[in-house]
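Welcome! Here are a few exercises to work through with the structure open beside you. Try each task before you read its solution.

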Amino acid sequence: MDKYLVNAKVFKAFCDETRLMVLELLQSGEKCACVLLEKVDVGQSTLSHHMKILVESGIVSARKEGKWTYYSISEGGSQYAITLLSQLTTVTVNSSTDEMRCCE
């Protein structure tokens, strides 16, 4: 998969207030979807949509047990997001003449 698409999925996970609320709830440990439904003021299908985005981003892990899905913050996904943000926001000095000619 294109690295830009993968990276966009990571940032998409953080671009919604409901998903941020879910991430905050998961900070205290694994939660069943039923618990998340009680805490977040959305319907089941809406929660499923948000959880799909979080899981596809790699930030959240999911595991099935019976009819319920349990979610937790993925340590690897979390570390990837931290590293990605750092890499994308670090200024690098490049002495390439092509980049310096933009205003000539």
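A salt bridge here is a side-chain nitrogen of Lys or Arg within 4 Å of a carboxyl oxygen of Asp or Glu. This is a predicted model, where local features need pLDDT of at least 70 and side-chain atom pairs count only at pLDDT 80 or more, while totals for chains, interfaces and linings use all residues. Residues are numbered from 1 along each chain as its sequence is written, and side-chain values use heavy atoms, leaving out hydrogens and water.

**Exercise 1.** Find the salt bridges, and work out which residues are linked in a network.

*Solution.* Start with the total: the rule gives 3 salt bridges.

Next, take Glu30 and Arg63, whose side chains meet at 2.8 Å, N to O. Glu30 lies in the loop between H2 and E1 and Arg63 in strand E2, so this pair ties together parts 33 residues apart in sequence. (Helices, H or I with at least four residues, and strands, E with at least two, are DSSP runs numbered from the N terminus.)

Arg63 also forms a salt bridge with Glu65, again 2.8 Å from N to O. Put together, Glu30, Arg63 and Glu65 make up a network of salt bridges.

Finally, Glu56 pairs with Lys52, with 3.8 Å between the closest N and O atoms. These two are 4 residues apart in helix H4, a separation of about one helical turn.

**Exercise 2.** Describe how the strands are arranged in the sheet.

*Solution.* Two strands pair if DSSP finds at least two bridges between them. Strand E2 (residues 60-65) and strand E3 (residues 68-73) run antiparallel and are joined by 6 bridges. Val60, for instance, stands opposite Ile73 in E3.

Now look at the turn: E2 and E3 form a hairpin with 2 residues between them, and Gly66 there has a positive phi of about 65 degrees.

Then step back to the open sheet of 3 strands, whose order is E1-E3-E2 with antiparallel pairing. Strand E1 (31-32) and E2 stand at the edges with a single partner strand each, so one side of each has no neighbour in the sheet.

**Exercise 3.** Which residues of helix H1 are buried, and what do they pack against?

*Solution.* Buried means under 20% relative accessible area (exposed is over 50%, partly exposed in between, with a 1.4 Å probe and protein chains only). In H1 (residues 3-13), the buried residues are Asn7, Val10 and Ala13. They pack against helix H2 (17-26), helix H4 (44-57) and helix H5 (75-88), where contact means heavy atoms within 4.5 Å.
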